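User: I am new to this structure and would like to learn how to read its features one by one. Could you take me through them slowly?

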Amino acid sequence: MEVPFVDLRAEHAPLLDEMKERVGRILEQGNFILGDEVEQLEEEFAAYCDVKHAVGVDSGASALKLLLIAYGIGEGDEVIIPANTFIATAGAVTFAGATPVLVDIAPNTYNIDVNAIEAAITPRTKAIMPVHLYGTFADMTPILDLAARNNLLVIEDAAQAHGATYNGQRAGSLAQGAGFSFYPAKNLGAGGDAGMVTTNNSVVADQIRAMRHVGQRHKYIHDYAPFNHRLDTVQAAILRIKLRYLDANNAARCRHAALYNQLFAEVDGVITPEILPETEAVWHLYVIRTTARDELQAYLREFGIASGVHYPVPIHLQPYYENLGYRKGDFPITEEYADQILSLPMFPNLTEEQIHYVVDTVKAFVEQHKVEAIRI
Ligand SMILES: Cc1ncc(COP(=O)(O)O)c(C=O)c1O
């Protein structure tokens, strides 16, 4: 049996006719920049996240960067982020002109360790940017409390968490702003690169709307930094169709995760992240942890099962970020987990048969290789 890591073709098959018709209409009309499709997607996504404003941009990285800039964060400022995240979280801070300050992850949730944030706060700190990694939440109540006590902004990196909730509130609605990615493999993915800012702050939304469009509010009058980070009309049209299926697709991911969890409960040598009781996760990724990760990944490949690692090299050990001055050993949990985590196939059209096959194959590996059990 072959089990891909994601299967966009299967996800798109029932939507293809509608997508072709909508994209065809845009090609016929020849209006490719911003316009009605973008505005309507913004309204629909703002309603979905229960926020006042959504501003479409060309990627999740741009969404986060523009938010930081719109809040006045730049040179000389520090933004706290987790050490285990995709490079774009750190890049958004860097390209806003500020410095990313890293914090280790909590051993149970793999998200930013709330207890370690306070020690990272300095007089230069302006914001905390928690990442809702793998489609579950960073622990937002203590993060928002800590930020309020220290007069800091909180910007959610919600790139992996479309539709996830924390105490019933949707990702993207809990803080001063959030950045979403619509990279094709995300829970809500475009037909290319795309992203979205969400915020309840009207001034910030207006400024980002101008900044994405060469900094102009009126044609050829450039009040703000003249970036080009517009969301394509064609991508907006595709996303509007796919947004209607997001909840059903997230529900399918949750069913798959529940089955994986149930089957893995009996497999020693494999551990899965804890989901906070306040949260409903949307399972962008299904991540296990084992002491023989590389061997397991190769074994799965032999049996036709694709997998991934999110992420193999923590931010502080990336060549580009040597200048931040961190060293190996600075974030021990992140470093230990980077060698142990493995993301298994997770996508809406995954079948129960495929999940059983994946778990049986992992189980066979663990039994044959006598993998040492890890416990928190
Ligand atoms: C946690 C996280 N932050 C930011 C981004 C950046 O999004 P994009 O690839 O759309 O720029 C991603 C996307 O992969 C992500 O996973």
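User: What volume does the largest pocket have?

Analyst: This is a predicted model, in which local features need pLDDT of at least 70 and side-chain atom pairs count only at pLDDT 80 or more, while totals for chains, interfaces and linings use all residues. Residues are numbered from 1 along each chain as its sequence is written, and side-chain values use heavy atoms, with hydrogens and water left out. A pocket is an open set of points, on a 1 Å grid over the protein atoms alone, where a 1.4 Å probe fits, with protein on both sides within 12 Å along at least five of seven lines. A volume is the space filled by probe spheres set on the points, which are joined across faces, edges and corners. Here the largest pocket has a volume of about 490 Å³.

User: Which helix gives the most to the lining of the largest pocket?

Analyst: Helices are DSSP runs of H or I with at least four residues, numbered from the N terminus. In this case α4 gives the most, with three residues, and α4 and α5 each supply at least two.

User: Where does the ligand sit?

Analyst: A molecule sits in a pocket if more than half of its atoms lie within 2 Å of the pocket's grid points, and by that rule the ligand sits in the largest pocket. A residue is near a molecule if one of its heavy atoms lies within 4 Å of it; of the 15 residues around the ligand, G60, A61, D157, S181 and K186 come nearest. Both α4 (60-70) and α5 (87-95) supply at least two residues each to this shell.

User: What lies 2.7 Å from an oxygen atom of the ligand?

Analyst: A polar contact is a pair of N or O atoms within 3.5 Å. In this model a polar side-chain atom of K186 lies 2.7 Å from an oxygen atom of the ligand, a polar backbone atom of G60 is 2.8 Å from a ligand oxygen, and an N or O atom in the side chain of Q160 is 2.9 Å from one. With accessible areas taken from the Shrake-Rupley method with a 1.4 Å probe, the protein covers 92% of the 390 Å² that the ligand has on its own.

User: Is the peptide bond from H310 to Y311 cis or trans?

Analyst: That bond is cis, with omega near 20 degrees, and Y311 lies in the loop between α11 (293-302) and α12 (332-338).

How values were computed: A polar contact is a pair of N or O atoms within 3.5 Å; within protein, one must be able to donate a hydrogen and the other to accept it, and residues adjacent in sequence count only if both atoms are side-chain atoms. On a 1 Å grid over the protein atoms alone, a cavity is a set of points where a 1.4 Å probe fits but cannot get out, and a pocket is an open set with protein on both sides within 12 Å along at least five of seven lines; lining residues have an atom within 4 Å of a point.
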